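Reader: Could you walk me through some salt bridges and helix contacts here, one question at a time?
Author: Gladly, let us look together.

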Amino acid sequence: MSTAPSRVYAARLVGLPIFDPQGDQVGKVRDLVVAIRSEVSQPRVLGLVAEVFGRRRIFVPMTRVTNIDAGQVYTTGLLNMRRFEQRSTETLVIGQMLDRTVTISSSSVTGVVYDVAMEQARNRDWVLSRVAIQEPAKGLRRRGQTHVVEWRDVEGLSRREESQGATHLVHALNEMRPADAANMIHDLPVERRAAVVAALDDERLADVLEELPEEDQVEILSHLDSERAADVLEEMSPDDAADLIAELSPETAEALLELMEPEEAEDVRRLMSYVENTAGAMMTPEPVILGPDATIADALAHVRNPELTPALAALVYVCRPPLETPTGKFLGVAHIQRLLREPPSTLVAGALDDSMDPLRPEATIDQVAAHLATYNLVAAPVVDDNGHLVGAVSVDDLLDHMLPEGWRDQAIRSNERRQGRQAGSRG
């Protein structure tokens, strides 16, 4: 290990890019794997859990790590692409050690772990050396006092807790993109996953659910009380909520729809009424919709919304009132590139592209693909027989339905065969 800092904190490692010797990024750090033998001897750091292309998690032995600096990790480039599977003798620092209740031996102070530091020993092995602990808040203080102590001065790190909290793990998850947080939650032990789900707020949980496999979505939703499950579904995009509700039993689905806000439930019911793998079933009912009297400045302000996907931000849909789907008469779309070339005070109606026919809700997945390809679009309007806009299909919606199940694993296996990387092993 060359030019590495003397002490590295685990929570600051999460999300750092991992590079090979040529400077190409091969993944991101997601966790540390350690072997805890006792509360006296410092645990040896076995390696990193890395997320590589296709959102697969692999094990990177510390013997393959050549350098760690403030913003990146370098490896020898010789990585085993087999999916990481935790052994019974191993502990994940981020996934399992954060939020563990411990006691400082010298003072009997009790608190929870919010970070752990690792250092290189004389034999060049990396070991956990220090523990950052936060006491419970007292009185009017919003946060409790913090302590950083030696590993040997802490009691409780080697035992598993039945009711371990999730405050600091949730903080780490909130710093990640929803897809990355979903991957970490997917790999957590059942009891830790339950604690994390309980601690996440509804909006964040909805974002994460949208990125999880269907079986995980159903499992998580089934363990929520009905009121919270309905609240989380309301926070999801209507098309994702409709896909999830369709996986539930009819009785459960109807009960949750009844608990949702009427307007949110109406959007979901409408999407569920369309035949699977049609434009109607894939579309979102919430694209950027403006009236013909809106200005280009209004349109640009709407597409700046950071919650919009790039595909949905590429087009503005102009309709007569009402402007909620199903709208009044659909007039046409305005492309973001055209809007950027026009004076902000110009009416958006003057920049319409009405040269192409919109999609119908019953359009098949192949027809949607052909339409987007023919017109070089990343999104397209869906209009009913009466000329009302009912939604928009984006290219990411299309890919979600076109790609075969397990395509990520297939891509990884293909790349593994092509590169012929050598396998690493746990020390």
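## Salt bridges and helix contacts

Author: To start us off, helix α4 has these buried residues: A179, D180, A181, A182, N183, M184 and I185. Please keep in mind that this is a predicted model.

Reader: Which residue meets the side chain of D180 in a salt bridge?
Author: D180 itself is buried, with a relative accessible area of 9%. Its salt bridge has an N to O distance of 3.7 Å, and the partner side chain is that of K28.

Reader: How many residues apart in sequence are the parts that D180 and K28 tie together?
Author: K28 counts as partly exposed, at 29% relative accessibility. D180 and K28 meet in a salt bridge. D180 belongs to helix α4 (residues 178–187) and K28 to strand β3 (residues 25–35), so the pair ties together parts whose separation in sequence is 152 residues.

Reader: Which residues are linked with K28 in a network of salt bridges?
Author: The search of the whole structure finds 15 salt bridges. One network of salt bridges links K28 with R30, E51 and D180.

Reader: Let us move on to R193. Is R193 buried or exposed?
Author: Buried means under 20% relative accessible area. R193 has a relative accessibility of 12%, so R193 counts as buried.

Reader: What is the distance between the closest N and O atoms of R193 and E219?
Author: E219 is partly exposed, with a relative accessible area of 28%. R193 and E219 form a salt bridge, and their closest N and O atoms are separated by 3.0 Å. The pair links distant parts of the chain, 26 residues apart, with R193 in helix α5 and E219 in helix α7.

Reader: Now the helix pair α6 and α8: at roughly what angle do the axes cross?
Author: Helix α6 covers residues 202–209 and helix α8 covers residues 226–235. The two are roughly perpendicular to each other. Their axes come within 8 Å and cross at roughly 65°.

Reader: How many charged residues does the contact of α6 with α8 have?
Author: In α6, D202, E203, L205, A206 and L209 meet R228, D231, V232 and E235 in α8. The residues of this contact divide into four nonpolar, no polar and, for the charged group, five.

Reader: Finally, what distance separates the C-alpha atoms of L403 and I36?
Author: L403 is found in the loop between α16 (395–402) and α17 (407–419), and L403 is partly exposed with a relative accessible area of 35%. Along the chain, L403 and I36 are 367 residues apart. The separation of their C-alpha atoms is 42 Å.

Conventions
Residues numbered from 1 in each chain as written. Predicted model: local features only at pLDDT ≥ 70, side-chain atom pairs only at ≥ 80, totals over all residues. Heavy atoms only, no water. Salt bridge = Lys/Arg side-chain N within 4 Å of Asp/Glu carboxyl O. Helix = DSSP H or I, 4+ residues; strand = E, 2+ residues; numbered from the N terminus. Buried < 20%, exposed > 50% of the residue type's maximum accessible area, 1.4 Å probe, protein only. Axes fitted to C-alpha atoms, helices over the stretch in contact; angles between N-to-C directions. Parallel < 35°, antiparallel > 145°, perpendicular 65-115°, else oblique. Contact = heavy atoms within 4.5 Å. Nonpolar A, V, L, I, M, F, W, Y, C, P; charged D, E, K, R; others polar.
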